[in-house]
Amino acid sequence: MLKIDGHDNAIIGPAMIHIGSSTVNILVYNAEIIRENLMKQGMDMDEAREFIEFNIEGAYMGKDTPVLVWPEDEWDEWLGEEE
């Protein structure tokens, strides 16, 4: 399983995904904790979100690429949608 360096505290746990006829074990991360980690390193919230989107979510590292979830994402609220 591939790991995102420096963000072990954001690991939610493993997941099994199916790609074609094979099963792959990957790690699932809490993106909000990664954002907090980056903010502790000096980024503001928007910079941290942009970093995650382009450098982590946008990085395909093969079939073992980790998955990020945003459990409390406010994206829908930014778009003016309600839950």
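Colleague: Which strands does α1 lie across, and at what angle does α1 run to β2?

Modeller: α1 lies across β2 and β3, running at about 50° to β2, where axes are lines fitted to C-alpha atoms, for helices over the stretch in contact (heavy atoms within 4.5 Å), and angles run from 0 to 180 degrees between N-to-C directions. Helices (H or I, at least four residues) and strands (E, at least two) are DSSP runs, numbered from the N terminus. This is a predicted model, in which local features need pLDDT of at least 70 and side-chain atom pairs count only at pLDDT 80 or more, while totals for chains, interfaces and linings use all residues. Residues are numbered from 1 along each chain as its sequence is written, and side-chain values use heavy atoms, with hydrogens and water left out.

Colleague: And in what order do the strands sit in the sheet?

Modeller: The order is β1-β2-β3 in an open sheet with mixed pairing, two strands being paired if DSSP finds at least two bridges between them. β1 (11–19) and β3 (67–69) are the edge strands, each pairing on one side only.

Colleague: How do β1 and β2 run, and how many bridges join them?

Modeller: They run antiparallel and are joined by 8 bridges; A15 stands opposite I26 in β2.

Colleague: Changing topic, what is I56 in contact with?

Modeller: Leaving aside neighbours within four places in sequence, I56 is in contact with I4, I34, F51 and L68.

Colleague: What is the order of elements from the N terminus?

Modeller: The protein chain runs β-β-α-α-β-α, with 3 helices and 3 strands.
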